[in-house]
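Dear colleague,

I am handing over the structure below, and my notes on it follow. Please read them with the structure open beside you.

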Amino acid sequence: MKPHQLLIYNTLSRQKERFRPLTEGRVGMYVCGPTVYGDPHLGHARPAITFDLLFRYLQHLGYKVRYVRNITDVGHLEHDADEGDDKIQKKAKLEALEPMEVAQYYTNRYHEAMAALGCLPPSIEPHATGHIIEQEELVKQILRNGFAYESNGSVYFDVEAYNQKHRYGILSGRNLEDIKDKSRALAGTDEKHNQADFALWKRAQPQHIMRWPSPWSDGFPGWHCECTAMGRKYLGDHFDIHGGGMDLVFPHHECEIAQAVASQGEPMVKYWMHNNMITIEGQKMGKSLGNFITLFEFFTGQHAKLTAAYSPMTIRFFILQAHYRSTVDFSNEALAASQKGLERLLDGLKTLERLAPKAEGLTEAYAEDVEKKCYEAMDDDLNSPIVISHLFDACRQINQAADGKVAFTAAGRERLLQVMRTFAFDILGLKDEAADGNAAREQAFSGAVDLLLDIRAKAKAAKDWATSDQIRDRLAALGFEVKDTKDGATWKL
Ligand SMILES: [Zn+2]
């Protein structure tokens, strides 16, 4: 275990707190996963990448992490409300499919996109439909404790009763009176005592396919139940971190806290973490605005708003260039800049690999200073943009060294390579897509170019200018830029 002072921002206390796990050396972390009824988009990429960064960093620090991310395949109704169609069932009707076929298809698509973005799979990925019994048990506990009521076969959480003993609104900072005013009265909601109450169990209408037996009716669980029930099942009554997008703070996470306290008498989660949202050219992303771009459309460039295709790593790098609690605005210009930035970082690493060390120059002390600064940034609430800026500073030194203006000792070069690879690949989770799966080919290719430059150096030493010029010119025609420095030639493609 590395001695670190990791600070993370807790939405509950609205401040950065020193991270101290409930159990020494172990971390339990739950992140709200996708509702699988459509292709994953940028709104899915950001929380996945944010919590992948946290997952990777905690493991790097030596923690044993259990990362649970759910798949919502039932109960998430349109407009996040208690009425309306189930999102998955609606899609199934449109496409004339079995609901589970829809859920499986979009779960596969989600996995495919997340793998391309370099997100490690979670330790456990529970499905809401696989945990109906646990959700019914949760509803029973809340009913027993007097914080819910049955109404016409459905069960609702009694927000008013809860708020008399606890505080509904503790996470979002809202108070119940405001929530009551803002809750719209929808047709058919007269089952509820109060507009702010939310469904724990819904009786299924006759046309509803996704239904399970329960003591109250044949029906299905309310959307908020699954995360409380599955978080408890896999991480225990108390666990460290619960994450998700800021749009989930209210009502989803507020309801989760209320369900946890109403069922077990005390909260379940120590640190609540939320990533900020993504806008597209300053606008909120939405199907009606025509700026709703799926991840696969980004990867292929097949969308009217895109002027080019952007690789998964460009998207990942772009997201990491902003702190997770800041908003991110996508535009073609910003993505093109990120693509260049990522290339600059990967080129810097490749140049460092090829750099000839000197007796005098930057030593391990330089690399250790870069490492210290990168750790400080990560420990400060996962400040990935600052980590990237320190890596860029190192790239500037590397490029100066390639131009012969500074130098690295052999030990200094090795240590910097190790530091940069650790942060760029292991922690930020970047990868060289061009070399992906082609590492051996890449190495052989580099070796061949180095060999040509060796032959050229020998030709020059023998004053065989014709051969030396021919090699340089032919390489230039193939796209290689050969630079002669006083310590020999360097190249890049
Ligand atoms: Zn959730």
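Ile278 has Val328 in β13 as its bridge partner, and strand β11 (residues 278-280) is joined to β13 by 3 bridges, the two running parallel. Two strands are taken to pair if DSSP finds at least two bridges between them, and strands (E, at least two residues) and helices (H or I, at least four) are DSSP runs numbered from the N terminus. These strands belong to an open sheet of 3 strands in the order β12-β11-β13, with mixed pairing; its edge strands, each pairing on one side only, are β12 (283-284) and β13 (328-330).

Please keep in mind that this is a predicted model, in which local features need pLDDT of at least 70 and side-chain atom pairs count only at pLDDT 80 or more, while totals for chains, interfaces and linings use all residues. Residues are numbered from 1 along each chain as its sequence is written.

The domain assignment, whose bounds come from an automatic or database source, gives domain 1 (7-275), domain 2 (280-427) and domain 3 (439-492). The centres of domain 1 and domain 2, taken over C-alpha atoms, are separated by 33 Å. Their contact (C-beta atoms, placed from the backbone, within 7 Å) takes 23 residues from domain 1 and 24 residues from domain 2. On the side of domain 1 that touches domain 2, β1 (7-10), α1 and α3 (99-116) each supply at least two residues, and α1 gives the most, with 11 residues.

β1 is also joined to strand β2 (residues 15-18) by 4 bridges, in an antiparallel arrangement, with Lys16 in β2 as the bridge partner of Tyr9. The two strands form a hairpin with 4 residues between them, and Arg14 in the turn has a positive phi of about 55°.

Helix α14 (residues 410-427) has 18 residues and reaches 25 Å from its first C-alpha to its last, close to the 26 Å expected at 1.5 Å a residue, where the expected span is 1.5 Å times one less than the number of residues. α14 bends by about 25° at Arg421, the bend being the angle between axes fitted to the seven residues ending there and the seven starting there. Its buried residues (20 or more other C-beta atoms within 10 Å of their own, C-beta atoms being placed from the backbone) include Gly412, Leu416 and Phe423, and they pack against α1 (42-60), α11 (332-354), α12 (364-379) and α13 (384-402). Just after α14, Gly429 takes a positive phi of about 75°.

With best regards

Definitions and conventions. A residue is buried if 20 or more other C-beta atoms lie within 10 Å of its own, exposed if 12 or fewer, and partly exposed in between; C-beta atoms are placed from the backbone. Two residues are in contact if their C-beta atoms, placed from the backbone, lie within 7 Å.
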